[in-house]
Amino acid sequence: MSIPASLREGPRTTNALAKKYYIIIYFLLITFGAQPTIYWFWFYWKTCYTVGTIFYVFFPFAFLLGVVLMILFSTIVSKIFLIITNLFYKPKQGIFEFNMNNKDCRYWSLRSVIKKWPIWLARQLSIPFFETLIYKIFGIKTSFSASLHDSWVDCEFVKIGKNSKIGQGTLIMSNIIVQNKLIIKEVNIGNDVIIGAHSLILPGTIIEDNVVVECNSITKVNQYLEKNEVFGGKPVKKITQNASFKEKDAIERSLFEQSKGMIDNESFLRAHMKELSVPFHFYIISGIIIIGFSFIIPGLLFYFYLYMILGTNLFTLPLTFNSLLHPMVYTLTLLTPLIIIGIYLIHLFFIALFTRYFYIMADKRGPSQGIYDRNLDTSIKALDYYHFSSFLMKYPIFAFSRSPFPWLLNWELRFIRSNKIGKGTILEETFLHSHINFGKNSYLGTSSHITNHLVDGVYGDENLTFIGVDIGDRVILNAITGGLPGTEIGDDSTLLPGCTTLKYDKLDGSAIYEGFPAKKLNNEEVKKILGGENFGE
């Protein structure tokens, strides 16, 4: 399946990594990209370690420089791999079959795998300059004056002009999956454009200069937005001209003036208190064990490898040309990235192991699926364990989905026994709960939210619906889609971006849905939303 690239966590999907040769390429990129950093720490150790205090005082600066070297060299190595890949098969725009037997789909996924590692590294450093630099090296036409840091942007077929601002959580997508089709179209964003937070720009969109797109807006495929205009909605429509505000002071007063009807009494801010059936210290203890204890064995292994292997066999050697030719030296430098990755994977394993223990305990004592009276003044033991199990899942999902190996999230959820995830299913960085079950070869897009619970009523006196969601085989839930408790989605269905179900929705298979509540589209409606493309013909 797809692996469109984003700056936040690298490629948006990871199914292509199921191919063994993709995994080999990915680890080669990590190994070669880390070489300058290893030699840099060798030099720093050789120069400063015997001095004592100076080694530790300047180590943070040395570490930062090592990270920068790894980002830059990993980008160069990835660019070389990308050039070679493009010599075999040049990137194309168009509508393609969405399967790995299709050459366009296969090479599109491979290009995304190649780009993932340096993009992920740059995101961890959180310096926008490096992210934009990598964009430009990988062929995205943009400017250092453009603000992209908190957005998700595909890494090919995208142009972004000068002084443009892309809002937090916004997705710029040059590709979209609709049933068994992959649509790849260039997105062109002009100069001085402002796109509000959590918007979605679909493939083929052209945005002229000085356009404002309101937050939470979605364009259509191939949509054209005229310059000097304000657009908003789903799909976006012209609202007004993008002219300068004339009564700025009056606007500020209206925005920040305190309402006369505001309640002066602080009582409305006070939460109802109750004694939990799951003591609060259980949350603290489980959190310490899951997070803290998962570092113990990996930490000891890393300490042993650093001081007993590298410190005695590599860092003690003189940093000379003859030393570089020694078999032990290049063997250690090539193996070190892989060994550190192995230690990191052990850390992730212990996170999943400790979470599994606590989750199974909480799930046995927690509620069966159903509707519960959630009166906050009444202690409900079953719901307390439900909240406790939800708490347990937060860090493990974060740790796996934000790692360099996010495809391991599927294994983690199966191992913890919180979800059923079919073979070949892809989970982007999304909001995911327990009891959300997927069939085979399905796809959950970036920033989507499929939930197993919903609170009905006024805070303090409400019901909680706790029912899982069942998603069939080959179901495509695109970016920013949503599913409420009790939803069932049939095989071969597609939810277009922004589509959200109601509680207990039953969506037929082999159909395309859009909007809220999810509406089944006919062929003409699909063609209109996809910008007139002859999809499915």
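Questions on the model follow.

Mentor: First, this is a predicted model, where local features need pLDDT of at least 70, side-chain atom pairs count only at pLDDT 80 or more, and totals for chains, interfaces and linings use all residues. Residues are numbered from 1 along each chain as its sequence is written, and side-chain values use heavy atoms, with hydrogens and water left out.

Trainee: Is Thr333 buried or exposed?
Mentor: Buried means under 20% relative accessible area, exposed over 50%, partly exposed in between (1.4 Å probe, protein chains only). Thr333 has 1% relative accessibility, so the class is buried.

Trainee: Which backbone oxygen does the side chain of Thr333 reach?
Mentor: A polar contact is a pair of N or O atoms within 3.5 Å; within protein, one must be able to donate a hydrogen and the other to accept it, and residues adjacent in sequence count only if both atoms are side-chain atoms. At 3.1 Å, the side chain of Thr333 reaches the oxygen of Tyr330.

Trainee: Which residues of α2 meet α11?
Mentor: Contact means heavy atoms within 4.5 Å. On the α11 side are Val329, Thr333, Leu334, Thr336 and Pro337. Their partners in α2 are Gln35, Ile38, Tyr39 and Trp42.

Trainee: At what angle do α2 and α11 pack?
Mentor: Axes are lines fitted to C-alpha atoms, for helices over the stretch in contact, and angles run from 0 to 180 degrees between N-to-C directions. Helices are DSSP runs (H or I, at least four residues), numbered from the N terminus. The axes of α2 (residues 35-48) and α11 lie 9 Å apart, and the angle is about 115°.

Terms used:
Helix = DSSP H or I, 4+ residues; strand = E, 2+ residues; numbered from the N terminus.
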